[in-house]
Amino acid sequence: MLDFFTIFSKGGIVLWCFQGTSQLFTPSVNALIKSVILQERTGNNTYSHESLTLKYKLDNEFELIFVVAYQNILQLSYVDKFLTDIQLKFREKYKNVLLSRFYGDKSFAEFTELFNGLLKETEDESKRDQAAKKKMRTFDESQKSKKTVSSMIERKDGKEEKKVNKGKENKMPKETPEPPIAAQSSPVLTSSSVSQNSNGGLDEETRMKNLQKLLNKNKKKPTTVNKSPEPSKPKGKKETKWDNSGSTKDMATLDFSSSTDTVGFMPSKDEQAQVGQMKGDLKDIEEDEDDEVVDDSDDSEEVVAEQKSSNKSKSSGGVFSMFRNLVGSKTLTAESLAPALEKMKDHLIGKNVASDIAVKLCDSVAAKLEGKVLGTFGSVASTVRNTLQESCVQILSPRRRVDILRDAMEAKQQKRPYVITFCGVNGVGKSTNLAKVCFWLIENGLSVLIAACDTFRSGAVEQLRTHVRKLNALHPKDKHGREMVQLYERGYGKDSAGIAMEAIASARDYHIDVVLVDTAGRMQDNEPLMRALSKLVKVNQPDLVLFVGEALVGNEAVDQLVKFNQALADHSQSATPRLIDGIILTKFDTIDDKVGAAISMTYTTGQPIVFVGTGQTYTDLRNLNAKAVVSALLKP
């Protein structure tokens, strides 16, 4: 029932292969290598591609990968055990060859017979297990046999006695011996004894007094009328008068909505000093010097533990034990890795990495290290840290090139505008970072048209209008010969997809180089707005769809990206839907070393972080430095 099985090295050399059908399995194996193994996502050993399910196992000691493939519709419970058995048999049979690492002149064809025998044995055992019916339990194994006869007898009398006793606890006893004794010894209390009858109850007179007290208690007390005269409060709300308030005469000076007023948009000296600083490629995030400090507490604890264990064995080993400790090495197992990985997982969660992503990263490190031989002077904690650092750098490194300046120049040669769409949840800074990207493009000589497609939020168009005036003031028309930034707006309540289409057509007619589409902020669970975003992307087919996310979020980052991608796929009605192409990480200057959101976002989507926002000015835009982020992530 297995369609395909192959054994190859991590260097790409295929040692042995079995194929049960004529189907071509090369694309599936290449997708596994590209999407899982090279991207450090080996925590889960199952991968689905088209109609196939692929399971794999890593042999870290000999740098081998075992891959098996079968149809998705089949439920084969023995595959994991079969993978482990094949790995052990292959290692046992070709151990000397694998140690030499010279595979070119060696043939592994004789392994086919051993594979077929083990496969037949495993399949027959699985069939026997499925055919075996579940054996019924005997009476002695059931819970009923453990009950005694006395525990099954219902005692109604005993329950009634308990209820009666329970009810009598709150009642006063009818006869109390203390009052008669007190009446004989004290003449003062004899008057109170008259209120009791011979049966110990209250007499008629006492009961009438108690009844009168109860009636007086329920009566409402008469309200006392204050005779002092007070002025009556006027009805209605009194008008509030503020200090230094304006009147109709001051309306002309307080009106700032006039589009011809350019005095309020004159750039300051600091803003004018920003002009010319962002030509060419963006700068990378600077790596802090403190990030290079490595926590060696785990290593020191391990060294002390190893020293204690070696001191215990010194008396038995003599002089030769010292040399054995120097040249000795140990194989890493799941048990030896568990404490270090648990501590590393807590560290990642503390650095704002989503909890499920932290678990997957640790599982990937465990799969990469299990079975690997540790060096003489190496420790488990340092090995786990170094492996995790390599994995995180690999995750943050982009799988494809994202060069906006080069793509925009290529689109300009094709006489069409380069279109970028910004999307994300509310309040993450889409419009602000759109203005930063616009300033960077203007600095590199590209004209920009901003499409105001946020027709939902009040003040969104006015915010973009302010940015346009400010950017034109920093790069005036006299300097470039034309307006470098223009705004395409149609007010509020309109169809955002239609506005974007008109803006792209206008940019094509007026030979504008880049169109930046600003969309409304929307939560990932808002279906109407998500449907509108999917329509905008499907109708206009932008060159780049950027998701703007905060660096402050933790687990929410995964939910946002997954649901945005899912909504774009569900509402596109296309076999190859357009998904998120890149990420803009905002507010990066507010998180110190809690940079886990970058790992969570890139691990979830597999897409690169194109820009990083590090402040409020137009020049606070950076490229992601993967090594700097990972150093901050692993900093204690």
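**Rings and cysteines**

Reply: Ring pairs join F5, W16, F18, F66, F82, F90, Y94, F108, F111 and F115 into a cluster. This is a predicted model, in which local features need pLDDT of at least 70 and side-chain atom pairs count only at pLDDT 80 or more, while totals for chains, interfaces and linings use all residues. Residues are numbered from 1 along each chain as its sequence is written, and side-chain values use heavy atoms, with hydrogens and water left out.

Me: How many aromatic pairs are there by this rule?

Reply: Rings of Phe, Tyr and Trp (its six-membered ring) pair if their centres lie within 6.5 Å; planes under 30 degrees apart count as stacked, over 60 as edge-to-face and the rest as tilted. By that rule there are 17 aromatic pairs. One of them, F5 with F82, is edge-to-face, at 6.0 Å between centres and 85° between planes. F5 lies in strand β1 (residues 4-9) and F82 in helix α2 (residues 79-93), so the pair ties together parts 77 residues apart in sequence. Helices (H or I, at least four residues) and strands (E, at least two) are DSSP runs, numbered from the N terminus.

Me: Are F5 and F82 buried or exposed?

Reply: Buried means under 20% relative accessible area, exposed over 50%, partly exposed in between (1.4 Å probe, protein chains only). Both F5 and F82 are buried.

Me: How many disulfides does the structure hold?

Reply: A disulfide is a covalent bond between the sulfur atoms of two cysteines. The test is a pair of cysteine sulfur atoms within 2.5 Å, and the structure holds zero disulfides. C423 is buried, at 1% relative accessible area, and C453 is buried at 2%.
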